[in-house]
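Hi everyone, thanks for having me. Today I'd like to walk you through one protein chain, step by step. Have a look at it first.

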Amino acid sequence: MSLKYGPRIVSNGLVSYYDPSNNECYTAGSNLVYDLADNSRSGSLYSGVGYSSAFNGIFTFDGSANALIEVPPLENIGDFTISIWFKVTGSGDTGSSLYS
């Protein structure tokens, strides 16, 4: 859920926050994604990543190995959690990594 459309999120200790439904994070047609946690951790969209206005804004991936959103590495951070909402619409094993 986005800060713009959904409930407030816990920001204490938040390292990065990306939300394609928020115009401050992503503008349709751009290849940049901006960190809403204001920690200067902006990233880049690479080939095979698209945008859809469905559900107030989502990133789409074509399943290719080159379809990725690259953000700065997590350095000097202890334990952490990554949360990703996704929906699989095809089959196969191409593009099966969510985080590396």
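I'll start with the whole chain, then go through its strands, and finish with one arginine.

First, a word on what we're looking at. This is a predicted model, where local features need pLDDT of at least 70, side-chain atom pairs count only at pLDDT 80 or more, and totals for chains, interfaces and linings use all residues. Residues are numbered from 1 along each chain as its sequence is written, and side-chain values use heavy atoms, with hydrogens and water left out.

So, how many helices and strands does the chain have? Zero helices and five strands; both are DSSP runs numbered from the N terminus, with at least four residues of H or I for a helix and at least two of E for a strand. Of the 100 residues in the chain, 18% are buried, meaning under 20% relative accessible area with a 1.4 Å probe, counting protein chains only.

Now the strands. Strands of a sheet pair through backbone hydrogen bonds, either parallel or antiparallel. Here, two strands count as paired if DSSP finds at least two bridges between them. Three strands form an open sheet in the order β1-β2-β5, with antiparallel pairing. Its edge strands are β1 (32-33) and β5 (69-70), each pairing on one side only. Strand β2, residues 43-45, is joined to β5 over two bridges, and Ser44 has Glu70 in β5 as its bridge partner.

What about β3 and β4? Strand β3 (residues 49-52) and strand β4 (residues 58-61) run antiparallel and are joined by four bridges. In that pairing, Val49 stands opposite Phe61 in β4. The hairpin of these two strands has five residues between them, and there Phe55 takes a positive phi near 55°.

Finally, my arginine. Find Arg41 in the loop between β1 and β2. Is Arg41 buried or exposed? Arg41 is buried, yet has no salt bridge, which would be a side-chain nitrogen of Lys or Arg within 4 Å of a carboxyl oxygen of Asp or Glu. The nearest side chain of opposite charge is Asp35, 5.0 Å away; in this count Lys and Arg are positive, Asp and Glu negative, and His and the chain ends are not counted.

Leaving out residues up to four places away in sequence, Arg41 touches several others, including Val15, Tyr18, Val71 and Leu74; touching here is a contact, with heavy atoms within 4.5 Å.

Notes: Buried means under 20% relative accessible area, exposed over 50%, partly exposed in between (1.4 Å probe, protein chains only).
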